[in-house]
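Student: I am new to this structure. Can you show me how to read its features, one at a time?

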Amino acid sequence: MLDKEKGVIANESHTETDDYITRTYVMPLLFDDESRRKLIAEHRNSPVGNAPSNGRAAIEHSQDLRTILDKMRRAPMAGKYVTVCVRMFEQYKIGIVSGIRGVPVDIQEEIYSSEEACEHAIFLKRIADLMNHYG
């Protein structure tokens with residue numbers, strides 16, 4: 001029996017590939033102050049994008065923002081931030097997922113007045129976490 005799980009069992013291939021993609025494509029966008037400010041502003045203006053309706057064109061995120069969001073979506077469930085609806089259309093909070101089935105989400109105290117505001121707060125937390133991890 002091995003002391004430490006290796007290879008497929010430890011998901012090493014995915015982890016190393018994700019780390020390479022993050023260092024090569026994601027972190028340069030976040031470490032550059034101007035780029036990071038533009039990405040944050042773009043996300044603040046449209047945290048979830050908008051579908052086309054009533055003749056209006058869809059609002060799609062830029063390629064750079066999609067790159068950042070794709071990285072955030074690839075994160076493991078344990079420790080992931082999620083939006084928790086406390087009162088529909090009125091109160092939202094950030095939850096932190098345990099990653100263990102049956103263990104409740106750890107709901108944080110701060111209240112947001114809209115789902116978009118909560119999503120943007122999560123985005124900012126995820127950026128800070130990435131910069132701390134890779135900085």
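Tutor: This is a predicted model. Start with the strands. Strands of a sheet pair through backbone hydrogen bonds, either parallel or antiparallel.

Student: How many bridges join strand β1 to strand β2?

Tutor: Six bridges link β1 (residues 81-87) with β2 (residues 91-96), and the two strands run antiparallel. Pick two partners to trace. Val84 has Lys93 as its bridge partner in β2. For Thr83, the partner in β2 is Ile94.

Student: What do β1 and β2 form, and which residue in the turn has a positive phi?

Tutor: They form a hairpin, with three residues between the strands. In the turn, Phe89 has a positive phi of about 70 degrees.

Student: In what order do the three strands of the open sheet stand?

Tutor: The order is β1-β2-β3, and the pairing is antiparallel. β1 and β3 (106-107) stand at the edges. Each has a single partner strand, so one side of each is left without a neighbour in the sheet.

Student: Which helix packs on the sheet?

Tutor: Think of faces here. In a regular strand the side chains alternate between the two faces of the sheet. In this model, helix α5 (residues 115-134) packs on the sheet and touches β1 and β2. The direction of α5 makes about 155 degrees with that of β1.

Student: Is Arg36 buried or exposed?

Tutor: Find Arg36 in helix α3 (residues 33-45). Its relative accessible area is 17%. Buried means under 20%, so Arg36 is buried.

Student: Which residues does Arg36 touch, leaving out those up to four places away in sequence?

Tutor: Arg36 touches Leu29, Leu30, Phe31, Ile127 and Met131.

Student: How many residues line the largest pocket, and which lie nearest its centre?

Tutor: The lining has 18 residues. Asp18, Lys71, Ala75, Pro76 and Leu130 lie nearest the centre. By class, the lining has seven nonpolar, four polar and seven charged residues.

Student: Which helix gives the most to the lining of the largest pocket?

Tutor: α5 does, with five residues. α2 (12-31), α4 (63-73) and α5 each supply at least two residues of that lining.

Conventions
Residues numbered from 1 in each chain as written. Predicted model: local features only at pLDDT ≥ 70, side-chain atom pairs only at ≥ 80, totals over all residues. Heavy atoms only, no water. Helix = DSSP H or I, 4+ residues; strand = E, 2+ residues; numbered from the N terminus. Buried < 20%, exposed > 50% of the residue type's maximum accessible area, 1.4 Å probe, protein only. Contact = heavy atoms within 4.5 Å. Pairing = 2+ DSSP bridges. Axes fitted to C-alpha atoms, helices over the stretch in contact; angles between N-to-C directions. 1 Å grid on protein atoms, 1.4 Å probe; cavity = no way out; pocket = protein on both sides within 12 Å on 5 of 7 lines; lining within 4 Å. Nonpolar A, V, L, I, M, F, W, Y, C, P; charged D, E, K, R; others polar.
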